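Subject: Structure handover

Hello,

Here is the structure I said I would pass on. My notes follow below it.

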Amino acid sequence: MNLDNRPLIEICDLSIGFSNEEKQVLPILRNIDLTVRAGETVGLVGESGSGKSTLALAMMGYLGNPLKVLNGSTSFRQQSTFDLSVRELEQIRGGQLALIPQNAGQALTPTQRIGRQISEALKLHSKFTETQRPERVIELLTQVRLPDPATLVDRYPHELSGGQQQRVAVAMALAGEPDALLLDEPTTGLDVTTQAHVLELLRDLAQETGTAMVYVSHDLGAIARVCERVVVMYAGEIVLDGSVRQVLLKPVHPYARSLLASIPKLREASLPAALDGRPPAPGDVGNGCAFAARCAMVEDRCTHERPSLQVTKSGERVRCHLFEKVEQLAAPGPGTAVERSSLKQAPEVLALDNIAISYTSRGLLDQILGRQPNNTPTVDDISLVIRKGETIGLVGESGSGKSTILKAIAGLIPARHGNITYNGNELLKASIDQRDKNQLRRIQLIFQNPDDSLNPRQTVAEILAQPLRLYFGLSNQELHDRSVEILERVRLGGHYLERLPSQLSGGEKQRVAVARAFIAEPELVLCDEVTSALDVSVQAAVLGLLNRLQREFGTTYIFVSHDLAVVRALADRVALLYQGRLCEIGPVADVYSLPSHPYTEVLLGAVLEPHPDSVPVLSADDIVELSPMPIGCPFQRRCPRRLGEICDTQTPPWQQVSSEHLIRCHIQHSDLQKIQTQQVS
Amino acid sequence: MLSMLLRRLSLGFITVALVSIIIFTGVEFLPGDACTAFLEREAQGKLLENCRRDLDLNRPAIDRYLDWASSAMVGDLGVSVNGQQSIAELVGNRMNNSLLLAFCALLVGVPLAIFLGVITALWRDKPIDLVFSTAAIFAMTIPEFVSSTVLILVFSAWLGWLPGIVLTSANASAAEFFPEIILPVIVVAMVMTAHILRMVRTSVIDVLASDYVRMATLKGVPYWQIVFQHVLPNALLPAINVVALTIAWLLGGVVVIEVVFNYPGLGRMMIDSISDRDLPVVQAIALILATVYVSVNLTADLLTMIANPRLRTLHMRK
């Protein structure tokens, strides 16, 4: 694309590390060799702790405290970055080399208007004069496809949605007309639809302007969409570097193979293969290959001889003694299929009948006067029947009310109206403090982030003892035995009892959270985004664990997730929520095979698969809605198949597609199917 | 915005009203009344009756409360038992003196505290930080009567530069308090500066570690521009509320310093009237201090809201 073939960014034998309290030097990055040429798009992929963000920031000459360069150098346009003066670095940063940060919401200064923040970058890094700048700011905001840029410049960051904030960060990075963009997980934390739109924008920018990109992400799907080349990192090393097509379709490193196998795929109804163990901590690598301890193909020399970065026949760089053997392996097959027995006849566990939930609390005056809030409820008209032993997935964008529904079932947020019936005849009280102990025991909740849901001052033994004392009145030996038993069930073992959460890895913490839920012998477990804070390889293991426990105990799951592929892997049925209203509900296979509801179509279209040819279908704008529509179809404003006035004024009826499959739309299901089939062909 | 203002104002008014009820009932529940408290052993016969008639104590408590509260609203706080003087006038003088002390202390202390707080945060763990942070801890922990006494000893007794005691009468004009007021101002400012300094330091350190400051660095913004445009506007927002609390403390809570320097402030008047058992004056001062607390905090909240765009939109929407 670009004829200038001199490397833009050149990293030679770079090692970065820190000293611990015992004055040992622990490396975070080890012997990194990497060049990025002008116009090239490179993805840096790896799990948390692999050093990918540190590497990207080092390219800008930035090291967070307490990191220091141990060895090697990095240069930008033949200037050694770590030897530059502060003044020279300020010239390059945000100018020729710009960063697009993770979580733009926190990276924009909260007390400054958007326009001023972009203007600041222009003032520092462009020739535009004071009078030309406002116009240029608007140009930039238009370039990143933000609506109504003229009013946007006067807004503060918190007044924008996550997707808009991320676009502002992109505009700010473009202000200096950079030669290279560093993107540090730019779409992590965004909804699938928003992510797809931002990625398309970045991809177009790279093609239009010829800007080089270094895209740091844990998400191979996103990298596949934006980059031509991908560098896989593990424990601070580059283990594989090749074209996206090669790495994704025929990875020659065992780690890359396992990583790919652990990603749930939208088209496969099977559990992804988990990668056991965890990466070595900094300084724990030893003499051999860093991946040896988790590698399925490990040989004797792997444990005591560090592999060098070798070049394969097809031109990839790989750090493995056995890469020629790996090359011979067939592409990784699908994961283990989940056994599904027909659950149509199973008894009903939980029935939600016309549930509405509202977050707005009544003011003091309203309470005195006995007034009901008259606003549109956050979640409304939810009716669902959940049968024993099934897994039902609740899917939707952020703000769609999925977690709110779980909280209402658990009694944490009392529903404004509607009934929750347990086992067909037992009416559950709305609020948790009105429910009896047995009702509490039977419904357990597992939270998204184990760092927040486990008390950091309690040992695993204390965490597990609480439900045992509360529900079963156990003590001493019996309590200990039960704790050990459940820890073995979640594959941790009794030696974890005396540990504190801070001494566990992310996956181990989530296993403890799962154990805490299952030790109560629940009938219904509510899983609230339980894998979204975990690395993919760990996620696969937790999904496998949940599936196994379900088969052992016959537990029923309500599984909330924003990740459609994860739901596909685990759930029997799926319910799609938009703005707190149900749009579609049905068996996973039916809903995913040929999406019928326009919202399902939009969501599934935006999913990025880790495949070089995966192209998202963007059929709706990523406008963010603040509150649900009081009348009409909840999806009316974004629907790509909007009919007209009827969608704005009338709530669509439920259409029965099959005995299990329902959609809520004014368009006939058969017509929707026709549109889909035409699109596919 | 306007409705929010009205709501906050009425809430503040309710708070003060509740405090007035608590003060009034508290005094009512004391054994005896203002007259028996004041007259002590002479509280009998004609004397007591006259006193009660003068103070209007024979009517039911609710009537008296309503009377007291409604006249307090228009600035009439009644008369003292002691000198039969108008309390408004008595307290007014003392209030002015306390305001003078507070004003001088704030004038010196707030800019100094913010300046030093920012300096110590920017040079965290460097010698300059260690010196001022340690000094702040000393200023906070040494009892005020000790530091007052030491200052009097050094600047008044040994060096003879400043008067060590205030001899000006309570109703003198502000100018007449100079230079006597200088030492009390120094003592008060020392404690206050230390508190605000530590708060500003923590707040600046937090903001320095934030993502947006890192982003500004990686955007190539020069260091001092980051400090003035990205760090300080965000870090100094919490200072507004701390300063507000300090003002309230300065008006009512510096009794010890007022006593050591013989400064005729509001705090000392409160203590004096408690020991004189002049209950109407005690009631009046308690009510005034409550009003000060409520209004100063209300002002601080409004200022924070104006300065913080996040809070601003939050309330605009409501």
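The side chains of A:Thr187 and A:Gln195 are joined by a polar contact of 3.1 Å. This is a predicted model, so please read every value here as computed from it. A:Thr187 sits in the loop that runs between strand E7 (180–184) and helix H8 (192–209) of chain A. Its relative accessible area is 4%, under the 20% limit, and therefore A:Thr187 counts as buried. If neighbours within four places in sequence are set aside, the residues in contact with A:Thr187 are A:Gln195, A:Val198, A:Leu199 and A:Tyr215.

Next, the sheet in chain A. Eight strands make up an open sheet of mixed pairing, and their order is E20-E21-E22-E17-E23-E24-E26-E25. Strand E20 (443–446) and strand E25 (654–656) of chain A are the edge strands, each pairing on one side only. From one strand to the next, the twist averages 20°.

Helix H20 (residues 536–553) of chain A lies across strand E17 (391–395), E20 and strand E22 (556–561), and runs at about 160° to E22(A). Helix H23 (residues 598–606) of chain A also packs on the sheet, where it touches E17, strand E23 (573–578) and strand E24 (581–587). The direction of H23 makes about 100° with that of E23(A).

How many of its seven residues are buried? Seven of the seven are, so E24(A) is largely enclosed by the rest of the structure. E23(A) and E24(A) run antiparallel and are joined by six bridges. One of the residues involved is A:Val574, whose bridge partner in E24(A) is A:Gly586. The hairpin of E23(A) and E24(A) has two residues between the strands, and A:Gln579 takes a positive phi near 50° there. E24(A) also pairs with E26(A), again in the antiparallel sense, over two bridges. Here A:Ile585 has A:Leu662 of E26(A) as its bridge partner.

Now the interface. Chain A and chain B bury about 2300 Å² between them, and 57% of that is on carbon and sulfur atoms. Of the area that chain A buries against chain B, 22% comes from A:Pro110, A:Thr111 and A:Glu120, more than from any other three residues. The contact involves 26 residues of chain A and 21 residues of chain B.

One salt bridge is found across the interface of chain A and chain B. A:Glu120 forms a salt bridge with B:Lys219, with 2.9 Å between the closest N and O atoms. Residue pairs in polar contact across the interface of chain A and chain B number 12, counting those with both residues at pLDDT 80 or more. On the side of chain A that touches chain B, the elements giving two or more residues are helix H3 (104–107) and helix H4 (114–125). H4(A) gives the most to that side, with six residues.

A few backbone points remain. In chain B, the peptide bond joining B:Phe178 and B:Pro179 is cis, with omega at about 0°. B:Pro179 has its place in the loop between helix H7 (144–158) and helix H8 (182–208) of chain B.

A:Asn476 lies in helix H18 (residues 476–489) of chain A. Is A:Asn476 buried or exposed? A:Asn476 counts as exposed because its relative accessibility is 67%, over the 50% limit. A:Glu521 is in the loop between helix H19 (506–518) and strand E21 (524–528) of chain A. At 42% relative accessibility, A:Glu521 counts as partly exposed.

Regards

Key. Residues are numbered from 1 along each chain as its sequence is written. Chains are lettered from A and ligands numbered from 1 in the order in which they are written. This is a predicted model: local features need pLDDT of at least 70, side-chain atom pairs count only at pLDDT 80 or more; totals for chains, interfaces and linings use all residues. Side-chain values use heavy atoms; hydrogens and water are left out. Helices (H or I, at least four residues) and strands (E, at least two) are DSSP runs, numbered from the N terminus. Buried means under 20% relative accessible area, exposed over 50%, partly exposed in between (1.4 Å probe, protein chains only). A polar contact is a pair of N or O atoms within 3.5 Å; within protein, one must be able to donate a hydrogen and the other to accept it, and residues adjacent in sequence count only if both atoms are side-chain atoms. Contact means heavy atoms within 4.5 Å. Two strands pair if DSSP finds at least two bridges between them. Axes are lines fitted to C-alpha atoms, for helices over the stretch in contact, and angles run from 0 to 180 degrees between N-to-C directions. Buried area is the accessible area (1.4 Å probe) that two parts lose on being put together, summed over both. A salt bridge is a side-chain nitrogen of Lys or Arg within 4 Å of a carboxyl oxygen of Asp or Glu.
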